[in-house]
Amino acid sequence: MLETSTLYGLLGIVLASLGLHAVILQTDTLRRVLAINILGVGVFLVFIATAYNGPDAAPDPVPHALVLTGIVVAVAATALALALRRRLESSAEDGDDE
Amino acid sequence: MNEAMALTIALPLFGALAAAAWPGRSSVIGILSVLLSGAAVTWLFTLVMTHGEAYQLLGGWQAGLAIALHADFLAAVMLLLTALVALAISVYATCYFRSPRDAARFWPLWLLLLAALNGLFLSADLFNLYVTLELLGLSAVALTALSGKRAAIRAALRYLLVGLLGSLGYLAGVAILYTGFGTLDMQQVGERIAVDPASEIALILMTGGLLLKTALFPLHFWLPAAHSNAPAPVSAALSALVVKAGFYLVLRLWTEVFAEAISPQGAMLIGLLGCAAIIWGSWQALKAERLKLLAAYSTVAQLGYLFVGLMLLFTTPMGQDYELVLGAIMLMALTHGFAKSSLFLAIGVVQQRAGHDRIAELDGTSQRLPATTFAIALAGTALIGLPPSGAFLGKWHLLSASIDAGQWLLVLVMSIGSLLAAAYVFRVLGHAFGNAAFASRPVNMALQEWPALALGLVATLLLGLGSHWIWAFLEISS
Amino acid sequence: MSFDALLILDVLLAALLLMLAIAALHSHSMHQSIILFIVFGLVTALAWARLKAPDVALAEATIGSGVAGALLLAALRDNRSGSAITPSPGRPAWQVLSVTYLVIGLMLTAAWAFLDAHANNSGPRLGGLVQAELANSGVGNPVTAVLLNFRAFDTLLELAVLLAALLGVLLLGPARPAPRPAGPVVTQLVAWLTPLLIVSAGYVLWVGAHAPGGAFQAGALLAAGGIIMRLGGSRYSGLPSGFWMRLIAVGGSGVFLFVGLAAMSGDASLLQYPRDWAGTLILLIEIFATLSIAASLVLVYLGGRPDAWAPDQERGHA
Amino acid sequence: MIDLLSAALIVSGLFFYFAGTIGLLRLPDTLCRLHAVTKADNLGLGLLVFGLVLQLSEPLQILKVLLIWILVLAASAGGGQLIARHVQRDPGERS
């Protein structure tokens, strides 16, 4: 029987796989960062799906807190990656290759 | 006892915040924090040695709800390694980062890195470990990019993406484990692990993610660029400590959480990858034209020994042999930690003096920088595994365990690896001791030369001659 | 509403998310990819809300989709003003094929393991423990209780992660030049929205003690205010400079750590708040965390050290 | 009676949304699409909001829904204006 939490859990696994596939095979940095973020959302979905206890019961709050932490970590990492990329692009202009 | 655990994490973190808030005073704050957290680690170490393991539930909540900190012998040893290497690197860094701007950038990130390492060694909670892994990864990446050179930025970006992929793989495993077992506490998960799909896939995902971060062959592709383009003190920390943290977690997860779920084939696979790492890494190190690249590839090879040890751990029956192998792994990790940091720091001195690190042009180094050359020689001795270094004993026990287990391939690989290591070390020393005019003037750089020397001495003499306490303690505690 | 009707919504949401993810990852134009990613984030927020995770939905909409989207769009602008976009070379077919098979294999194994684990274990898990101890945590919202009390150590380290990323971004060079001044309509909109965002950040922070919300969502809302001000042409997004800026950036983890250490007296462990004070201390920590998170997110959006700041440091490198 | 009125308002609101979306998909250039989307959606949203308000009893909830309406109006006005300016600057992106 298909139920809500199973559906979202499986969706999370599929999204994570899509992200993994793209992060390995894509070559553009921006797209890789995007793929990492989608991979992260997939993993978060598994957590939240596990926490769901049906339409009438309260969900488990622990995975919710973990995912909140995960979202902030993901945005921090994204910011660092984009800053590194920007530096790489700007030094390409100056041509200071070693 | 519990204060000691909290302080080992809190002190460097506090130092990082203070150094970030007062960039003008960052060097002073930095050295002070490293000393204080070193003192806390020493305190914790003596407590663990005298009273046994320490365990604490943070916030006073019950197990499962709270995050647990756990200091056993292995954690205490890794903390001590980190504290000592960090002290040497910090002293070195006060000279290396002379401009206030560089110092203000280095210290907060370096202290965050230390806090992450200490937290990682102590944490007994699977999700908390993920957060420490990310803190470790991001601060290490930022430090790698410190020089601002294009090659360093490029290496840092790749290091970041690979690291993120690794930690998300780990996190995916944690998600599956939580689905299956409903807890994040390592001990509780360990009790519930069985040979079932959830355990197996979590084992694969978490180990895979960590191997990517630990750079086990063939997942090492990012390491040489990152380790060889970072500033010398950062390279030392990356090679000696950061990759060890990944290995430490694999060792911990395999022995404490997944022990039930690990098949002999899985252990074999890790061992074979370790063998490939030894051969490939040593060969690339031999071919390297720059000293830092040599040192980085040597790290790839040395990590291979640790994983060969891990395989032996799972093919040797419990009992005295098990402790022999575990002790050998720890000794190899310790020796490599001290020796590789010594080597990178020494290379940094050579690079600053000579303006380059091309091996073929190093002739005459020994006359200008005798202490540094001696440090390179000491570190090389430990990397080859010659007596009296700690690696000698470590390799000796790994070899005898392989012979006992009838694993002749391992014996062959470790022998070839040692020969290759001897070749690449003597290639460097041959040039360093060669007679030639050395382009730079002699300068007194005692504060920058002795950390490398001290680390080299620990790796070769102290660990080699005084390593019996490791086994003595392992026997007592079992 | 019947259970089945909602399941149809679930299936539609899942299909939409899948399509958006595939389109975002494989669209030909990067600009389109990023827009699709932002939409993906917003639809994900719907999925979180559907799974009864309103805290996560708020965070996803503000941080995961909002701030991350703004960061990505700003990064795309770097591309246009900077060097030409290098045409990305394709991978050889054997690589594509082997990676695809590997990932599909991993996906199927993981799905099988998930189904197995999910079928065999469905209990309250840690949720039961949280409910049992919630009254002792000082707050009424279980997610806030986990974040700031039961697993406060995670959150402390997470603020450190944000700080590490911020320090990394700052050392990589000066901020992007301010955008050209926006038109009158937008300027007016910004002037109008900013106070509203500040008020709603305060509300979300306050309400987080007993309802969905909290420091992270509030911090992201404040950051949104800063980002909008920047888009409206403000140079520093309303941030103070120099010492005060640094103090705000480290203040969140600083106050957190200080409270955690101060609580450590007698038998109490790190971060073991005195029971009667827990609610107050958590609010105190959250206020400073909100400011830190907001300042850090705006600073990383600016993309580096704003040029007029930190006169004690040299400008630029290359 | 109130239920009926509210349902009628919501359904007609949805119709305008539908029309706006068709316009977005079918109209030839950016400015036309913008026109369709902003005009039709604003009207649709207004009808939707009033339909919902009829269902609510607590004043605070009504206030919240009205606040959402005003915010979305402001955002779509600002956004629409930005897109239009962009098109004016780069006529190449008209289609």
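Into which domains is chain B divided? Chain B is divided into domain 1 (1–123), domain 2 (125–249) and domain 3 (263–478), with bounds that come from an automatic or database domain assignment. This is a predicted model, in which local features need pLDDT of at least 70, side-chain atom pairs count only at pLDDT 80 or more, and totals for chains, interfaces and linings use all residues. Residues are numbered from 1 along each chain as its sequence is written, while chains are lettered from A and ligands numbered from 1 in the order in which they are written.

**Chain B overall**

- Chain B has 19 helices and 2 strands; helices (H or I, at least four residues) and strands (E, at least two) are DSSP runs, numbered from the N terminus.
- The radius of gyration of chain B is 21 Å, which agrees with the value near 23 Å that a compact globule of 478 residues would have.
- That radius is taken over C-alpha atoms, and the globule rule is 2.2 Å times the number of residues to the power 0.38.
- The C-alpha trace of chain B spans about 65 × 55 × 40 Å along its principal axes.
- Of the 478 residues in chain B, 67% are buried. A residue is buried if 20 or more other C-beta atoms lie within 10 Å of its own, exposed if 12 or fewer, and partly exposed in between, with C-beta atoms placed from the backbone.
- Contacts in chain B between residues at least 6 apart in sequence join residues at least 24 apart in 80% of cases. Two residues are in contact if their C-beta atoms, placed from the backbone, lie within 7 Å.

**Domains 2 and 3 of chain B**

- The C-alpha centres of domain 2 of chain B and domain 3 of chain B are 22 Å apart.
- Their contact involves 19 residues from domain 2 of chain B and 26 residues from domain 3 of chain B.
- On the side of domain 2 of chain B that touches domain 3 of chain B, the elements giving two or more residues are α9 (223–229) and α10 (232–257) of chain B.
- α10(B) gives the most to that side, with 10 residues.
- By class, that side of domain 2 of chain B has 12 nonpolar, 6 polar and 1 charged residues. Ala, Val, Leu, Ile, Met, Phe, Trp, Tyr, Cys and Pro count as nonpolar, Asp, Glu, Lys and Arg as charged, and the others, Gly among them, as polar.

- Helix α4 of chain B (residues 100–122) has 23 residues and reaches 33 Å from its first C-alpha to its last, close to the 33 Å expected at 1.5 Å a residue. The expected span is 1.5 Å times one less than the number of residues.
- α4(B) is mostly covered, with 20 of its 23 residues buried.
- Helix α11 of chain C (residues 278–302) has 25 residues and reaches 36 Å from its first C-alpha to its last, close to the 36 Å expected at 1.5 Å a residue.
- α11(C) is also mostly covered, since 20 of its 25 residues are buried.
- Gly303(C), which has a positive phi near 90°, follows α11(C).

**Contacts between chains**

- Among the 4 pairs of chains that touch, chains A and C have the most contacts.
- The contact of chains A and C takes 64 residues from chain A and 75 residues from chain C.
- The elements of chain A that give two or more residues to the side touching chain C are α1 (4–25), α2 (29–51) and α3 (61–94), and α3(A) gives the most, with 29 residues.
- The side of chain A that touches chain C divides into 42 nonpolar, 12 polar and 10 charged residues.
- Chain A has no contact with chain D, and their closest C-alpha atoms lie 23 Å apart.
- Chain B has no contact with chain D either, and their closest C-alpha atoms lie 33 Å apart.

**Chain D**

- Chain D has 3 helices and 0 strands, in the order α-α-α along the sequence.
- With 95 residues, chain D has a radius of gyration of 16 Å, well over the 12 Å of the globule rule, so chain D is more spread out than a compact globule.
- The C-alpha atoms of chain D fill a box of roughly 50 × 25 × 10 Å along the principal axes.
- Buried residues account for 13% of the 95 residues of chain D.
- Of the contacts in chain D with a separation of 6 or more, 62% are between residues 24 or more positions apart.
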